[in-house]
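I opened this notebook to record what I looked up on nonpolar cores and salt bridges. The entries follow the order in which I consulted the structure.

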Amino acid sequence: MIGTRTLDHVDPFLLLDEFRSDDASDYLAGFPDHPHRGFETVTYMLAGEMEHRDHSGNQGRLTAGSVQWMTAGRGIIHSEMPKQRDGLMWGFQLWVNLPAKDKMCAPRYQDIPPERVPEVSWQGARVRVIAGRLGETEGPVRDIVTRPLYLDVALEGGGRIDVPLAGDQSGFAYVFEGAVTLPGVGGDATLARGELGLLGEGESVYATGGPGGGRFLLVAARPLREPIARMGPFVMNTRSELMQAVSDLQSGSFL
């Protein structure tokens, strides 16, 4: 939904991908060893199991409801492989840019099991707080430079929620179940499953569940307003930095 010719990025978000299939032939190949540099990958699982490993020997398993916030920094080579032979595999991957001063930081993981993601009732909605704060509830993902808000919001039919936002954030809402009505430029707009709405400036955003309810991701963060140079798994600020990343990978000095 983000990272396409139609919508290249929503600063600082570079990519949003929903993966969903109950056909094992779609996902069994997984994502064998591949490099990253200069940004963060965020995986949020709704169903299924995925295992990650990296060049340093780190290993973890993502299950339904879990989150991994990986800061690639100066470089990491890792794999993401399904740990199931059949059944539904469903989740999201989000790419978050890093500012120039942090692109060559040391890599790190924040692996969050399902039980550590708080789920709260907020104005009648059911909300999982992955990152940021909603009222008195703070998400388990910490110390991210863009100060992100990442919520999984479930609304009953006709239910309404009003979420406060920091005035300096940009972001989006992505509906993945049912339908949700959000404020639009020319009046309220209803988003169906698979549709994304960009957030404008403001101190809050309200949403109303469609007749059968709706569930959506609400994601916002501080924009970086820096040049973006990207090529495959590398995101830097200049083309010369991209070429250096390729050279480092080829020469064995990437890590």
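Entry 1, the cores. I looked up the largest nonpolar core, which has 28 residues, and noted that Tyr44, Trp69, Phe92, Leu94, Tyr150 and Phe172 touch the most other members. A nonpolar core here is a set of buried Ala, Val, Leu, Ile, Met, Phe, Trp, Tyr and Cys residues joined through side-chain atoms within 4.5 Å. Buried means under 20% relative accessible area, exposed over 50%, and partly exposed in between, with a 1.4 Å probe and protein chains only. At least two residues of this core come from each of strand 1 (13-21), strand 3 (39-47), strand 6 (67-71), strand 8 (89-97), strand 11 (125-131), strand 16 (170-182) and strand 19 (204-221). Strands (E, at least two residues) and helices (H or I, at least four) are DSSP runs numbered from the N terminus. Apart from this core I found another, of 22 residues, including Leu155, Leu165, Leu199 and Phe216.

Basis of the entries. The model is predicted, and local features need pLDDT of at least 70, side-chain atom pairs count only at pLDDT 80 or more, and totals for chains, interfaces and linings use all residues. Residues are numbered from 1 along each chain as its sequence is written, and side-chain values use heavy atoms, with hydrogens and water left out.

Not counting residues up to four places away in sequence, I listed Phe13, Leu15, Leu16, Glu40, Thr41, Val42, Tyr150, Phe172 and Val219 as touching Leu94; contact means heavy atoms within 4.5 Å.

I counted 15 salt bridges, taking each as a side-chain nitrogen of Lys or Arg within 4 Å of a carboxyl oxygen of Asp or Glu. In one of them, the side chains of Arg37 and Asp248 meet at 3.1 Å, N to O. Arg37 lies in the loop between strand 2 (31-36) and strand 3, and Asp248 in helix 2 (residues 239-251), so the pair ties together parts 211 residues apart in sequence. Arg37 and Asp248 are both buried.

Glu51 forms a salt bridge with Arg53, with the closest N and O atoms 3.2 Å apart. Glu51 counts as buried at 11% relative accessibility, whereas Arg53 is partly exposed at 42%. The side chains of Arg61 and Glu51 also meet in a salt bridge (3.8 Å, N to O).
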